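Try each task yourself before you read its solution.

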Amino acid sequence: MRPGLRTGRLSSRLFVTQSLIVAAGAVTLVLVAFAVVPGLFRSQLHRMMAMSAGMTQDLESALITTLLVALGVAVGAALLMSLG
């Protein structure tokens, strides 16, 4: 086996391993965030002011969308960092 081929296989294996670790961390982060954040957000809304059910639903929807975008950017950044 040529040394260059071995190094290439090792680096690709390391990249796959790092990607799996990032993916596992992302899944864990998403599960915890979606388990905790909506309840905390809802309780803060109720403490601040009385709101209609429609307004609360709209705000929760906006929170979920924002959370998904932020998590997507964070996972993308983590994958880019694992390349370096």
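**Exercise 1. Find the helix that holds Glu60, and decide whether Glu60 is buried or exposed.**

Step 1. Glu60 lies in helix H2; helices (H or I, at least four residues) and strands (E, at least two) are DSSP runs, numbered from the N terminus.

Step 2. Glu60 has a relative accessible area of 14%, so it counts as buried. The cut-offs are under 20% relative accessible area for buried, over 50% for exposed, and partly exposed in between (1.4 Å probe, protein chains only).

Step 3. Leaving aside neighbours within four places in sequence, Glu60 is in contact with Phe41 and Arg42, where contact means heavy atoms within 4.5 Å.

Before you go on, note that this is a predicted model, in which local features need pLDDT of at least 70, side-chain atom pairs count only at pLDDT 80 or more, and totals for chains, interfaces and linings use all residues. Residues are numbered from 1 along each chain as its sequence is written, and side-chain values use heavy atoms, with hydrogens and water left out.

**Exercise 2. Describe H2: how many residues does it have, and which are buried?**

Step 1. H2 has 31 residues. From its first C-alpha to its last it reaches 45 Å, close to the 45 Å expected at 1.5 Å a residue; that expected span is 1.5 Å times one less than the number of residues.

Step 2. The buried residues in H2 are Thr56, Glu60, Leu67, Leu71 and Ser82.

Step 3. Now look at Ile64, also placed in helix H2. Ile64 counts as partly exposed because its relative accessibility is 27%. Apart from neighbours within four places in sequence, its contacts are with Phe34 and Pro38.

**Exercise 3. Compare distance in sequence with distance in space for His46 and Thr56, then for Arg9 and Val36.**

Step 1. His46 belongs to helix H1, and its relative accessible area of 53% is why it counts as exposed. His46 and Thr56 are 10 residues apart in sequence, and their C-alpha atoms are 9.2 Å apart.

Step 2. Arg9 is in helix H1 too; with a relative accessible area of 38%, Arg9 is partly exposed. Between Arg9 and Val36 there are 27 residues in sequence and 40 Å in space, C-alpha to C-alpha.

**Exercise 4. Which residues make the nonpolar surface patch, and which helix gives the largest share?**

Step 1. Phe15, Val16, Leu20, Leu80 and Leu83 form a patch of about 510 Å². Patches are made of residues with over 30% relative accessible area and no salt bridge: like charges are joined within 9 Å, nonpolar side chains (Val, Leu, Ile, Met, Phe, Trp, Tyr) within 5 Å. A salt bridge is a side-chain nitrogen of Lys or Arg within 4 Å of a carboxyl oxygen of Asp or Glu.

Step 2. Helix H1 (3-48) and helix H2 (53-83) each supply at least two residues of the patch. The largest share, 3 residues, comes from H1.

Step 3. Take Leu20, which lies in helix H1: its relative accessibility is 58%, so Leu20 counts as exposed.

**Exercise 5. What are the spans of the C-alpha trace along its principal axes?**

Step 1. The chain has 2 helices and 0 strands.

Step 2. Its C-alpha trace spans about 70 × 15 × 15 Å along the principal axes.

Step 3. Of the 84 residues in the chain, 14% are buried.

Conventions: Areas by Shrake-Rupley, 256 points an atom, 1.4 Å probe, with all protein chains shown as cover.
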